[in-house]
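Have a look at the model first, then we'll walk through a few spots.

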2 protein chains.
Amino acid sequence: VGDSIEKSRQEFFAQVNSMLPGRCSVGQDVRQQHSNTMTFVPSQPPDAVVWPVTTAEVSSLVRLAAAHRVPVIAFGGGTSLEGHVNAPHGGLSIDFSKMNQILAVRPNDLDCTVEAGVPLDHLTAELRATGLFFPVDPGAGTATLGGMAATRASGTTTVRYGSMRENLINIKAVMASGEVVDTARRARKSASGYDLTRLLVGSEGTLGLITELTLKLHGVPETILAATASFASIVSACKASTQAIQAGLGLARIELLDAVQIQCVNAYSHLNLESVPTLFLEFHGSPAACRDDFEAFKDIAAIEGGSNIKSAIDDAGRKSLWRARHDAFWAVKAAWPGKQLLVTDIAVPLSKLAEAVTETSEDIKKTGLIAPIVGHVGDGNFHVIVVFDRANSSEFARVEAFLDRLVERALRLEGTATGEHGVGQGKSRYMVREHGAGVEVMRAIKQALDPLNILNPGKIF
Amino acid sequence: VGDSIEKSRQEFFAQVNSMLPGRCSVGQDVRQQHSNTMTFVPSQPPDAVVWPVTTAEVSSLVRLAAAHRVPVIAFGGGTSLEGHVNAPHGGLSIDFSKMNQILAVRPNDLDCTVEAGVPLDHLTAELRATGLFFPVDPGAGTATLGGMAATRASGTTTVRYGSMRENLINIKAVMASGEVVDTARRARKSASGYDLTRLLVGSEGTLGLITELTLKLHGVPETILAATASFASIVSACKASTQAIQAGLGLARIELLDAVQIQCVNAYSHLNLESVPTLFLEFHGSPAACRDDFEAFKDIAAIEGGSNIKSAIDDAGRKSLWRARHDAFWAVKAAWPGKQLLVTDIAVPLSKLAEAVTETSEDIKKTGLIAPIVGHVGDGNFHVIVVFDRANSSEFARVEAFLDRLVERALRLEGTATGEHGVGQGKSRYMVREHGAGVEVMRAIKQALDPLNILNPGKIF
């Protein structure tokens with residue numbers, strides 16, 4: 001049986017090659033690049049990589065894969081962090097980088113339609129002249145819109161503009177049968193039928209392959225006011241943050257860097273920030289609204305002992321204030337050269353944030369880890385950047401135990417194992433703990449829509 | 001076979017009665033009240049009605065119904081408009097009116113947890129003292145939160161705060177197997193697994209019975225500024241509306257009443273408004289932000305020939321300005337006593353709104369119908385309130401042909417057959433036209449999650 005499966009696969013790859021001549025590769029480097037490369041999850045390369053240019057080609061590939069029972073794995077920018085693009089059962093990686101056209105920008109509808117392989121940076125640049133922008137910013141400009149939808153990406157602006165979940169109008173997808181489906185029409189709201197758009201968002205390529213997306217756009221605000229504020233403790237920074245959210249201030253971003261993270265960016269970016277928990281904020285609105293909201297924030301911060309509060313409205317001033325936030329990841333990387341970084345995330349209800357961050361901070365100290373904290377605190381979501389030596393197996397064991405406690409803490413505080421990185425392979429073991437009987441519902445949907453289990457098998461479940 | 005089915009059903013109802021003694025009824029009036037009563041869709045009463053008080057009781061009822069293959073239909077406030085609560089195959093109506101507890105209000109988390117049978121008005125009243133509010137307002141205060149979720153309700157504030165889709169954190173639901181599932185944890189965002197919350201939102205009781213919900217709350221804005229503006233034509237009113245949206249003004253509501261509708265409210269509410277298309281607006285924000293946004297709106301309106309622009313910030317002034325909008329439905333009812341009203345809705349992309357409303361207006365004239373138009377124009381969504389005589393079969397045929405053209409128009413303009421009323425029985429015939437192959441995906445999900453087809457059969461599909 002093993003031999004006949006192998007023979008069918010060889011036949012499959014030969015057919016893919018003749019279907020898309022010159023756009024298929026089995027080269028080892030290419031295959032390696034199309035497996036997990038971003039994190040500690042071990043790489044599992046696919047058997048081959050193919051570059052379709054149309055939805056019809058993707059459909060043909062999936063039909064062929066179904067006939068031969070070969071796994072297909074969608075590949076966008078390759079920036080996912082939990083092993084989403086690995087091929088644990090081998091198969092075909094479908095690379096969307098040649099499906100990179102912006103098909104329509106419709107300023108009058110505040111939407112645009114793009115192919116799945118368009119990188120976020122490319123869309124942002126294209127929109128610059130229109131006075132509109134696409135708000136979801138996961139921090140990797142090479143991430144593709146298709147990948148961002150598939151992983152339910154969010155980021156610094158989610159507190160105001162929502163995640164990919166809130167910013168999609170329609171998805172064109174190839175289902176496991178090869179059938180092409182549009183999940184919705186272009187109206188901004190509809191009460192017609194099941195929400196297939198949101199079903200595909202976050203499904204990580206396990207229910208369908210996203211080939212096109214219609215995205216909501218937003219008007220660039222008249223004024224953007226950036227600000228920073230220092231706090232004596234994580235608790236007071238978190239409290240100020242949640243109170244600002246509760247007051248309904250026009251916050252577009254509110255980020256926390258802990259003292260360790262501030263030390264890293266001071267060194268890396270030649271800054272001279274006080275080494276204490278620091279909030280980075282951005283207000284969007286009319287000039288008067290931004291001013292009012294900033295004043296209201298200062299009152300809130302004062303109650304929590306906030307100090308050294310700075311603001312800027314001009315482009316250069318804003319960039320300078322936010323420099324530390326933007327450089328956060330690279331600053332950590334530079335501070336411990338040769339070490340591996342592992343970026344993980346959890347999210348909890350707003351009222352539990354201070355507790356979650358404080359406990360995590362104490363856990364890091366007690367475990368003897370290097371692990372700065374960066375938080376999208378307006379959403380109750382934060383990242384831990386664990387610095388470690390992969391070759392040191394006892395250290396790695398301590399890291400793994402820490403990660404497990406981190407998730408347990410999130411779940412105990414009514415939170416989630418992942419606020420924005422997704423499940424992939426890295427967090428699949430927490431699915432039952434988080435969702436209980438809900439996992440069986442998810443499995444039933446997976447089984448119904450992909451009965452042969454050819455779409456990104458081994459992920460989520 | 002028919003006899004044995006009948007016998008099994010009788011046995012089922014006897015068991016329901018002994019399971020919930022005194023909380024089950026087969027009375028004709030009660031059954032009639034639990035069928036469609038709001039619109040032209042003919043009533044189809046269930047065989048019995050039951051009032052559970054806990055999720056566990058709902059679960060037991062569903063398990064019993066599954067064993068006997070008896071349909072179960074969730075009943076909330078009974079305000080749905082497309083026959084959602086009808087029982088075309090008989091069965092058991094599960095009335096949630098005794099599951100009406102607000103279980104928790106958490107100001108620090110900006111959320112609350114309620115039982116499915118809590119009416120919207122009750123929640124609004126309970127929140128008054130907290131400085132928070134729940135924004136989704138479908139226009140029927142007796143609608144229950146469970147029903148609103150099940151039908152993906154939206155309303156006047158959706159342009160700013162989103163619909164039920166955007167304002168739910170978690171749903172507790174009884175699935176067709178009787179299994180109880182929580183769709184999500186209480187974190188405000190998560191990238192963990194399929195979005196079961198959004199899958200149940202808008203599923204109209206066909207995938208699971210919602211028993212509890214955790215809802216997002218919002219801070220009551222510091223200032224609310226109401227405004228009205230008259231326009232010479234529907235086109236110019238729609239253009240002003242979409243431009244205001246595109247400019248990103250802090251609009252919380254923007255509603256259009258056409259000339260016919262204004263005439264009705266003038267008569268009903270003893271007003272003296274100019275009988276022209278009129279926009280009703282509401283701005284939320286700081287005092288300065290509301291003022292800035294209103295000034296910006298006046299500039300936009302001026303370009304489109306807007307006139308007679310009024311505003312108010314105090315409670316009484318705002319109520320007076322919005323009087324016409326609030327009385328719209330009742331004004332139409334009073335203007336043609338003894339006639340039936342049929343409220344339908346479609347939604348299109350913003351840029352197509354003027355065209356859709358204008359064509360519809362002309363169609364109404366040409367067909368010789370009485371049918372005022374009221375629009376949530378900030379979402380590209382509008383209602384037509386058709387006034388007709390049910391006994392006049394030729395008139396009703398003209399109404400039905402008009403409704404069909406209305407939906408065809410929506411679909412031709414890349415819109416949806418229903419922006420907020422849902423599918424139920426009334427719009428199921430448009431599902432394939434709107435969703436194409438997507439309907440098969442929906443059917444596969446339905447089949448997987450409710451293989452016996454006991455949950456609200458005959459709806460959506």
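Let's start in chain A, where the charged end of Arg253(A) sits over the ring of Trp322(A), 5.8 Å from the ring's centre. Keep in mind that this is a predicted model.

**Rings and charges**
- Arg390(A) does something along those lines too: it lies over the face of Phe396(A), at 4.0 Å from the ring centre.
- Phe396(A) also belongs to a cluster, joined by ring pairs to Phe40(A) and Phe388(A).
- Counting over all chains, the structure holds 18 aromatic pairs.

**Helices α13 and α14 in chain B**
- The axes of α13(B) (residues 353-367) and α14(B) (residues 393-412) come within 11 Å and cross at roughly 160 degrees.
- Angles over 145 degrees count as roughly antiparallel, so that is the label for α13(B) and α14(B).
- Their crossing is right-handed.
- On the α13(B) side, the residues making the contact include Glu355(B), Glu359(B) and Asp363(B), while α14(B) brings in Arg398(B), Arg405(B) and Arg409(B), among others.
- By class, this contact of α13(B) with α14(B) has seven charged, four nonpolar and two polar residues.

**Helices α9 and α12 in chain B**
- Here the axes of α9(B) (residues 259-268) and α12(B) (residues 328-335) come within 8 Å, crossing at roughly 80 degrees.
- That angle makes α9(B) roughly perpendicular to α12(B).
- Among the residues in touch are Cys264(B), Val265(B) and Tyr268(B) of α9(B), and Trp330(B), Ala331(B) and Val332(B) of α12(B).

Key. Residues are numbered from 1 along each chain as its sequence is written. Chains are lettered from A and ligands numbered from 1 in the order in which they are written. This is a predicted model: local features need pLDDT of at least 70, side-chain atom pairs count only at pLDDT 80 or more; totals for chains, interfaces and linings use all residues. Side-chain values use heavy atoms; hydrogens and water are left out. Axes are lines fitted to C-alpha atoms, for helices over the stretch in contact, and angles run from 0 to 180 degrees between N-to-C directions. Helices (H or I, at least four residues) and strands (E, at least two) are DSSP runs, numbered from the N terminus. Angles under 35 degrees count as roughly parallel, over 145 as roughly antiparallel, 65 to 115 as roughly perpendicular and the rest as oblique. A crossing is left-handed if the near helix is turned anticlockwise from the far one by less than a right angle, and right-handed if clockwise. Contact means heavy atoms within 4.5 Å. Ala, Val, Leu, Ile, Met, Phe, Trp, Tyr, Cys and Pro count as nonpolar, Asp, Glu, Lys and Arg as charged, and the others, Gly among them, as polar. Rings of Phe, Tyr and Trp (its six-membered ring) pair if their centres lie within 6.5 Å; planes under 30 degrees apart count as stacked, over 60 as edge-to-face and the rest as tilted. A charge sits over a ring if NZ of Lys or CZ of Arg is within 6 Å of the ring centre and within 35 degrees of the ring normal.
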